[in-house]
Amino acid sequence: MARNPIQFQSGLSLPAFLDQYGTEAQCRAALFQHRWPTGFVCPDCGNTTGCQLARGVYQCHHCHHQTSLTAGTIFHATHLPLTTWFLAIYLLTQRKNGLSALQLSRELGVSYNTAWKLKHKLLQVMHERNQGETLTGRIEIDDAYLGGERPGKRGRGAEHKFPFVAAVQTDEEGHPQRVQLRRVSGFTRAEVRRYAQVAIAPGSRVVSDGLGCFRVFDTPAYTHERFITGGGRASAQIPAFNWVNTVLGNVKNAITGSYHAIRGQHVPRYLAEFEYRFNRRYDLTAMIPRFLTVAARTPPMPYRLLKLAEPYT
């Protein structure tokens with residue numbers, strides 16, 4: 001059997017990564033290129049001429065505003081060297097599964113708290129990049145939950161379970177192209193309608209089970225195929241849901257295999273991590289440059305905001 005070229009691509013090896021981003025000067029040059037690809041631009045007045053002062057900041061020739069390379073980006077006010085940031089980006093983008101903050105702290109040689117903040121800032125970059133992306137064509141969609149088992153009610157509506165929508169766009173041959181994993185407050189028609197308005201392009205062919213909330217796709221804007229599955233293991237074997245079930249299995253294995261526990265307010269970031277990597281799996285070597293472009297345009301995320309709940313979509 002021929003090997004899957006996407007699964008067995010060489011990717012970016014650690015020696016190759018260190019050759020490109022192994023020094024602080026290399027990291028600064030790369031960040032400069034992705035923040036100002038055509039040259040310095042003053043963030044205050046938009047002027048395109050300036051100079052670099054001895055202490056490393058850039059000064060605009062027009063308004064004399066001074067700014068650092070990292071100011072106004074996700075790296076804002078960092079005390080860590082950029083080499084540490086870049087290594088964290090490498091570890092989070094080149095692996096198939098998640099990486100806990102504890103393991104990240106060991107690999108980077110920083111404290112757990114520092115690793116947690118760094119990791120969640122990078123996940124925020126992924127989360128913000130995923131927003132605004134829509135699926136189109138044939139789409140398999142399903143309801144799912146994250147969260148450990150607790151005493152009390154089981155199944156839908158159970159406490160400590162975090163609901164999210166899983167949707168997979170497939171091509172004409174039935175191969176998965178892109179995925180969406182979006183936290184929702186619950187599986188009501190109003191909530192799924194809100195999700196669909198921003199995430200599913202009109203004209204799409206939506207394949208769902210018989211859950212009532214998915215009837216929001218029973219409109220002229222979509223072609224809706226409903227399958228009454230009945231639940232249980234047999235429902236997971238229905239060919240129409242092959243890829244969404246496969247993706248859900250991979251998501252849950254990746255998250256539960258990497259983290260002892262996750263908090264509900266951070267679920268959107270953990271889901272965004274898997275979604276971001278899956279949708280960019282076709283070219284692993286390009287993932288870091290693409291990530292840097294987005295990171296340079298992502299606003300600062302101070303710790304007080306990292307701790308707050310994320311918007312669901």
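**Exercise 1. Find how helix H7 (residues 242-256) and helix H8 (residues 267-279) pack, and describe their contact.**

Step 1. In this predicted model, H7 and H8 pack with their axes 11 Å apart and at an angle of about 125°, where axes are lines fitted to C-alpha atoms, for helices over the stretch in contact, and angles run from 0 to 180 degrees between N-to-C directions. Residues are numbered from 1 along each chain as its sequence is written. Because the model is predicted, local features need pLDDT of at least 70, side-chain atom pairs count only at pLDDT 80 or more, and totals for chains, interfaces and linings use all residues, while side-chain values use heavy atoms, with hydrogens and water left out.

Step 2. The two helices are therefore oblique to each other, since angles under 35 degrees count as roughly parallel, over 145 as roughly antiparallel, 65 to 115 as roughly perpendicular and the rest as oblique.

Step 3. The contact (heavy atoms within 4.5 Å) is made by Val247, Asn250, Val251, Ala254 and Ile255 of H7, together with Tyr270, Leu271, Phe274 and Phe278 of H8.

Step 4. Sorted by class, these residues of the contact of H7 with H8 are 8 nonpolar, 1 polar and no charged; here Ala, Val, Leu, Ile, Met, Phe, Trp, Tyr, Cys and Pro count as nonpolar, Asp, Glu, Lys and Arg as charged, and the others, Gly among them, as polar.

**Exercise 2. Check the span of H8 and state how far it is covered.**

Step 1. The expected span of a helix is 1.5 Å times one less than its number of residues, so the 13 residues of H8 should span 18 Å, and this agrees with its end C-alpha atoms, which are 18 Å apart.

Step 2. H8 is mostly covered, as 13 of its 13 residues are buried, where buried means under 20% relative accessible area, exposed over 50%, and partly exposed in between (1.4 Å probe, protein chains only).

**Exercise 3. Describe the packing of helix H3 (residues 82-94) with helix H9 (residues 287-295).**

Step 1. The axes of H3 and H9 are 10 Å apart, and the angle is about 120°, and therefore these two helices are also oblique to each other.

Step 2. From H3, the residues Phe86, Ile89, Tyr90, Thr93 and Gln94 take part in the contact, and from H9 the residues Met287, Ile288, Phe291 and Leu292.

Step 3. This contact of H3 with H9 divides into 7 nonpolar, 2 polar and no charged residues.

Technical notes:
Helices (H or I, at least four residues) and strands (E, at least two) are DSSP runs, numbered from the N terminus.
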